[in-house]
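Please walk me through this protein, one part at a time. I would like to know how its pieces are arranged and what holds them to each other.

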Amino acid sequence: MESLTLLIVLLCAEFVGRVCLEIREVRLTMCRGGVFAILRVIPLINDIVPLPENRRSPAETEFVKKHEEGHRALRHAILRNIAKVILAMIAIWFLAAQLIRVGMPLWQGILWLHLVAIPFRVLFHLYCWNQEYEADAYAHKELGKQKTKIAMRELAECEIPYTHFFALMYREHPTAALRSKRLLNKVVRADGD
């Protein structure tokens, strides 16, 4: 029974934390989350509802092509899939341990898995962000500063402006501001420099 009480307390804490994160995001960006904001605060639902990253898809520029070439050259797809398999194996082991060793009901095991997965998801996002930075650096090296600056401006125009912490919680791609800061040592904005 203590396990169930702790589970309920942690789920309530997650709900409150996500509501606070949504409020913080709206205050800092002045953008409403709409129906996605409601879905993001509900435990388990927030695992399966993706966060929209862009207002529109970025144009297929030379930088984007080189960025994707960088992913291929650095074997990012394979490495990302290996990381996903490792995380899936950990999740299966954890769920099996909860069900078999502890004798927990399936619904409780799934809720515990949801809570335990939160820090792993953030670590996975950091890993993905690093891959994006590496692919950006590859494209920057191939094309130079001017084309990189134009590409970062285009990305900033297309992207929904999330704060860094919010993006870390929900996205596998860093924000355009973080990417331009890393590549050009300054934040390139959609409305100019």
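Helix 1 covers residues 2–29, which makes 28 residues. From its first C-alpha to its last, helix 1 reaches 40 Å. That is close to the 40 Å expected at 1.5 Å a residue. Keep in mind that this is a predicted model.

Which residues of helix 1 are buried? They are Leu7, Leu11, Glu14, Arg18, Leu21, Glu22, Glu25 and Thr29. Look at what surrounds them. The buried residues of helix 1 pack against helix 2 (35–41), helix 3 (45–48), helix 6 and helix 8 (164–170).

Now step past the end of helix 1. Methionine 30 follows helix 1, and its phi is positive, near 60°. Most residues other than glycine have a negative phi. Methionine 30 is a residue other than glycine, yet its phi is positive. It lies in the loop between helix 1 and helix 2. Is methionine 30 buried or exposed? Its relative accessible area is 70%. Exposed means over 50%, so methionine 30 is exposed.

A second residue has a positive phi. Arginine 75, again a residue other than glycine, has a phi near 60°. Find arginine 75 in the loop between helix 4 and helix 5. Its relative accessibility is 53%, so arginine 75 counts as exposed.

Step back and take in the whole chain. The protein has 9 helices and 0 strands. From the N terminus on, the elements run α-α-α-α-α-α-α-α-α. The C-alpha atoms fill a box of roughly 60 × 40 × 25 Å along the principal axes. There are 193 residues, and 37% of them count as buried. Contacts tell us about the fold too. Take the contacts with a separation of 6 or more: residues 24 or more positions apart account for 77% of these.

Next, turn to the charged side chains. How many salt bridges are there? The count comes to 14. One of them joins the side chains of arginine 56 and glutamate 154, at 3.3 Å from N to O. Arginine 56 lies in the loop between helix 3 and helix 4 (62–73), while glutamate 154 lies in helix 7 (residues 145–158). Arginine 56 has 41% relative accessibility, so it counts as partly exposed. Glutamate 154 has 19% relative accessibility. Buried means under 20%, so glutamate 154 counts as buried.

Another salt bridge joins the side chains of arginine 80 and glutamate 172, at 3.5 Å from N to O. This pair links distant parts of the chain, 92 residues apart. Arginine 80 is in helix 5, and glutamate 172 is in the loop between helix 8 and helix 9 (176–184). Arginine 80 has a relative accessible area of 13%, so it is buried. Glutamate 172 has 27% relative accessibility, so it counts as partly exposed.

Arginine 80 and glutamate 172 also belong to a network of salt bridges. The residues linked in this network are Arg80, Glu132, Asp136, Glu172 and Arg179.

A further salt bridge joins the side chains of glutamate 159 and arginine 171, with 3.3 Å from N to O. Here the two residues are 12 apart. Glutamate 159 sits in the loop between helix 7 and helix 8. Arginine 171 sits in the loop between helix 8 and helix 9. Both glutamate 159 and arginine 171 are buried.

Finally, look for the largest pocket. About 460 Å³ of space lies in it. By residue type, the lining divides into 12 nonpolar, 2 polar and 4 charged.

Notes:
Residues are numbered from 1 along each chain as its sequence is written. This is a predicted model: local features need pLDDT of at least 70, side-chain atom pairs count only at pLDDT 80 or more; totals for chains, interfaces and linings use all residues. Side-chain values use heavy atoms; hydrogens and water are left out. On a 1 Å grid over the protein atoms alone, a cavity is a set of points where a 1.4 Å probe fits but cannot get out, and a pocket is an open set with protein on both sides within 12 Å along at least five of seven lines; lining residues have an atom within 4 Å of a point. Grid points are joined across faces, edges and corners, and a volume is the space filled by probe spheres set on the points. Ala, Val, Leu, Ile, Met, Phe, Trp, Tyr, Cys and Pro count as nonpolar, Asp, Glu, Lys and Arg as charged, and the others, Gly among them, as polar. Helices (H or I, at least four residues) and strands (E, at least two) are DSSP runs, numbered from the N terminus. The expected span of a helix is 1.5 Å times one less than its number of residues. Buried means under 20% relative accessible area, exposed over 50%, partly exposed in between (1.4 Å probe, protein chains only). Contact means heavy atoms within 4.5 Å. A salt bridge is a side-chain nitrogen of Lys or Arg within 4 Å of a carboxyl oxygen of Asp or Glu.
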